[in-house]
Amino acid sequence: MKFMGKKSKRERTQAIEGYVALSPWMFGFLFFYAIPILASLYLSFTQWTLVGSVKWIGFENYIRMFTRDPVFIDAATATGFFVLYSLPFKLVLGLMLALLLNMKLPGMNYFRTIFFLPAVISGVAVSLMWIWFLQPDTGVVNTLLRYVGISGPGWFWDINWALPSVAMMSIWKVGGAAIIYLAGLQNIPAHLYEAAAIDGASKWQQFWRITLPLLTPVLLFQLIIEMIDAFKIFTEAFVITQGGPLNRTYFFLYYFYEEAFRNFNMGYASALAIFLLIVIMSATALVKWWSNRWVYYEN
Amino acid sequence: MKTETLASSRTQEIMDLHKARVGQRNRRALPKNILIYAFMTGLAFLFMLPIFWMASTSLKLPREVFAFPMEWLPSNPQWGNYEEAFSKFPLWRFMWNSTYMVVLSTIGQLISVPLIAYGFARFEFPGKNILFMLMLATLMVPTHIKFIPLYWMFQQLGLIGTYWPIILPEFFGHPFFIFLMTQYMRSIPKELDEAARLDGAGSFTILYLVILPLCKPVLAVIVVFSFLWNWNEFMAPLIFLDDFEEYPISVGLAFFQGRYSVEWHLFMAATLVSILPVLVLYFFAQRHLIGGLSAIGLKG
Amino acid sequence: MFKKTTKAIFSAILATPIALMALADDKVTITVWSMDGHDLGNEDTHRQVIAAFEAEHPNIKIDLTLLPESGLEDRMNTAIGAGGKLPDVFPLLSGEWAPIALDLSPYIEADPELSQDMYAEPFWRTRATFGDSVVALPTGIGANVVLYNKDVFDKAGVEYPTADWTTEDFIKKAVAVTDKANGVWGGDRPRDAYRAIWHNYDAQVYSDDSTTVEGYHNSPQSLAAYQWYWDLVHSDATPTKAEIDVLGTEGTGPVDLFIAGRLGMATLNQSHMLRALKEGVNFGMVPEPAGPSKDRHANAWSATPAIAGNSEHPQEAYEFLSFWAGMEGQYISMTTGLNMFPSIPALWKDHPYIDHPAIQTFRTTLDWPLVRDFDGTHLCWRAALRRVDEVYELIGLKAIERNEIKKALDKEVVVLQTALDDCVSRLGS
């Protein structure tokens, strides 16, 4: 009867109920996301100083962005490298940490809390704490290094170490990811391990053949979520480095912020934001497409 | 009968073998375990170092903060710093405001997310996949873009200066939670739905009486994360609130950063206190959190 | 119980706008946004000023929103961008906001108690006016001065800096006083280029008509200033950006090191002077060192509240503004809280710290041409300066040779010109 063209009553009711259930989200999406994004899209084709009127200038902003703006390149590079530096570490370290925390040893509860803590704190205070922590002169890390005779680098203030320092801050929060992996690990049926053990598989083989494949859906979830977050990095640049030194940490959203709220260049800033959005969407789509090769769904 | 006994005795053999192996493993594992503990403790120490540093600073005198050479511990712990921080700004008041904001926001999520997830998980309708993708895409939107349009919107409604602009959006579902809960619901067998339908239950009755009670773990996840994120929310209260007395602690802490200088010892003291509620919540919710996330399956 | 409290809070929040509307029938409510701890005073000071004002004007109620320093600019920009109602009174933090501020000239003319001559001329000139309009009134003032730690100088056996010292003296004294073994530096570095010291070399970042960068940013005068900075950095007598960078918001960061006795000289401002007094540091004060220029320059500023152009109650808003920035309000701000320095010279004799010799020094700097004279009239200087950072940063990081500076400046001129043209086309000059 379905193939007759007209939907059955059941299906129509289902569709209606589905829409009804979704309605809060649709309403919220429209007002709190769709309208701002459309507004940004519109603004990206204009020149606007906030205090003045909005002037339509077509593709000017985009042309400038791609041909005449060295800072754009700095921002794209800084953000790109940040994603590349932090993401692999976060994924691998998160998994390793989860494997450790998964052990059935007494007191693991406390360790879990301790490692989750960094993910829980955020905001300006944490950034300030890191400024101190990594201060070349009085900071804890360099003092410790001095004890063992190493002269520590300039961290946030060194051209080559600024970006890795910010990446380090992000990796410090790896406990949050570990929790998600932990959950995934608990979900793998124990009998699979037992069967493998009986067949004589070593721990390592068990990891490669059972754990990892069954964990891939979780890994994908984390990869996507963390990649999106990495592209949106902002606070550290805002609070600590102000984009320096020499624009090495001039992250994209920080560029947006400066253009919009310091240089009163709202139109151009909107173009930057739209560009970032497109990049993130493309990256996510790419990852999803790639994931078809290595993600294993137990269906 | 015979096959059963055979099967059960075979099972028994396997179980015994397994137990023996575990026993062996446990005995051989002791030195390995100690190694693991040592490693974990070392790692934990490193992770906690920044926070230890905050605590140490919070107990120092202003001139000790930048002394040379650096001092690990204050010579004379100034517990009075905490009192001073609290008398400088109404921090208790700020934390109460934060609690209010967090509780209402979380309630908003708890009301909206199950409904929306139910729609995605159990119903078929044209455009469903596109809508799901759109929902995920909202995670990708940079936060700052929203503020000017939102400000204009809420100004038209006359709601600037209240907590509404901050809390209202929470009643429409955060994509992260929707995604999580959708996955979770997908793993609940449809047979339960169908059984209830045979008994005459409508779709929404099924949601609230059959499915939701089974969702306790993932609801716990939502509560914890919603609490965390809202507790730390800074931009929105800054933009939308008018009254000094009504600021949440996230904004309140910003007052410690003066234009000309920062009173570090007080600032650290205040920050540490502000972290406490979050920690306490996490500590108690820990059990549910792991249970909740694992039960989701995150498959498909 | 909890439900009841929530309900109560809910209704209270909902009722507030209604209550305010009721109030509006009897009184006029003026919304004021301000910052805490700025030259505008801390929370206590604000409340006292408001209380005194409301006592004298029973028909006007002041609704104060106090924001953290970092937040007010963001919030104002959001409100301006949203295009709706703005606060009646707000600090004019950014020259770019001038177009949306109310022209106060007619109100001042009609006001018998307030006139332009009341105020210290430099601040009226650089902060209150915009083109032909008066957009704000100056309240608390501040200026950069060099504080020096007498104990550090005594220990090194070096003579104190004198008021007429030069930029070369600065380097010499800094080197003499540095004691690395004990973690003491001689002096601090300028926070960025084109502040007072650059002006003391007659260096200017771009032409007066905001069109040309060539011949300005890479002029011999500018080069001399940058070379001085290079010499300073390479004297190793100053802490690096890392060592100073403890979140100085506008970059007046060295205060913590100075108070800790680890900085022989620091370029700070009068507000830090008060802090040094409180902490018992044995200090003296001199203006920033002179350069080869004819006129010495000062980097001075003042907090300037303004009225929104679209305010619905401009007259009442003016009443409050003229009180706050007038004799009465500034007197209160001067004698409470952070002891702000008023922009009305007639009040100075009543300042609690007026007898301190350092304050005399502070006052002399106010007679000089200000850095703001250029910055205030050239709206694009900030946008331009952001792009000009590279040479400055390279020098600071010791990543460039002294004889390479000219070439680097020439290269920057091109970048700067593009940024300037782009900005001018947007904001005017």
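This is a predicted model: local features need pLDDT of at least 70, side-chain atom pairs count only at pLDDT 80 or more; totals for chains, interfaces and linings use all residues.

Residues are numbered from 1 along each chain as its sequence is written, chains are lettered from A and ligands numbered from 1 in the order written, and side-chain values use heavy atoms, leaving out hydrogens and water.

Confidence, then. pLDDT is the predictor's confidence in each residue, from 0 to 100. Chain A has a mean of 84, with 95% of its residues at 70 or more. Helices here are DSSP runs of H or I with at least four residues, strands are runs of E with at least two, and both are numbered from the N terminus.

Next, chains A and B. Their contact, meaning heavy atoms within 4.5 Å, takes 89 residues from chain A and 84 residues from chain B. The area buried between them is about 8,400 Å², with 80% given by carbon and sulfur atoms. Buried area is the accessible area, with a 1.4 Å probe, that two parts lose on being put together, summed over both. On the chain B side, B:Met40, B:Phe47 and B:Met140 supply 9% of what that chain buries against chain A, more than any other three residues.

Within chain B, the domain assignment gives domain 1 (2-86) and domain 2 (89-299); such bounds come from an automatic or database assignment. In chain B, 14 residues of domain 1 are in contact with 15 residues of domain 2. Those two domains bury about 1,300 Å² between them, 81% of it on carbon and sulfur atoms. B:Met54, B:Ala85 and B:Phe86 lose the most area on the domain 1 side, together 51% of what that side buries.

Back to chain A for the helix pair. How do α4(A) and α8(A) cross? The axes of α4 (residues 108-120) and α8 (residues 174-186) of chain A come within 7 Å and cross at roughly 125°. Axes are lines fitted to C-alpha atoms, for helices over the stretch in contact, with angles from 0 to 180 degrees between N-to-C directions.

Last, C:Ser235 sits in the loop between α9 (220-234) and α10 (241-244) of chain C. Beyond its neighbours within four places in sequence, C:Ser235 is in contact with C:Ile171 and C:Val175.
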